[in-house]
Amino acid sequence: RARTIAVAPWAAQLKDSQFTKVLLDKAAQTGHRLRTKIYVAWLDTTLRLEAKGRKLDLEPTADGIRANFVEPNGEVLNKSVDLNGDPGELLRDWLG
């Protein structure tokens, strides 16, 4: 319960931020350019993007938003996300 309360402000920012809107728009453009479908889903408070066996989970934590990059081989890399930053950079880090 304490974790849910600590995460709530970051979860709300993730859902309502301009960063997320731009990220989803750029994801659609990137998918079109790569000729691949990028699947988008909200799993509770986590935003998941999935394409070509790779996953990008944007997960709110008590300290902010964390991006979890899951490779097809199961390797997971983490990076903190600045909601005032460039969503395109996050997509490049994820899909190259």
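Modeller: One convention before we start: two strands pair if DSSP finds at least two bridges between them, and helices (H or I, at least four residues) and strands (E, at least two) are DSSP runs, numbered from the N terminus. This is a predicted model, where local features need pLDDT of at least 70 and side-chain atom pairs count only at pLDDT 80 or more, while totals for chains, interfaces and linings use all residues. Residues are numbered from 1 along each chain as its sequence is written, and side-chain values use heavy atoms, with hydrogens and water left out.
Biologist: Which residue is the bridge partner of isoleucine 65 in β5?
Modeller: That partner is valine 81, and β4 and β5 pair in the antiparallel sense over 6 bridges.
Biologist: And what is the strand order of the open sheet?
Modeller: The 5 strands follow the order β1-β2-β3-β4-β5 with antiparallel pairing, and β1 and β5 are the edge strands, each pairing on one side only.
Biologist: Changing topic, is glutamate 71 buried or exposed?
Modeller: Glutamate 71 counts as buried because its relative accessibility is 19%, where buried means under 20% relative accessible area, exposed over 50% and partly exposed in between (1.4 Å probe, protein chains only). Glutamate 71 sits in the loop between β4 (64-70) and β5 (76-81).
Biologist: What does glutamate 71 touch?
Modeller: Leaving aside residues up to four places away in sequence, glutamate 71 touches Gly53 and Arg54, with contact meaning heavy atoms within 4.5 Å.
Biologist: Which residues of α2 are exposed on its other side?
Modeller: Gln18, Asp25, Ala28, Gln29, His32 and Arg33 are exposed there, whereas Phe19, Thr20, Leu23, Ala27, Thr30 and Gly31 are buried.
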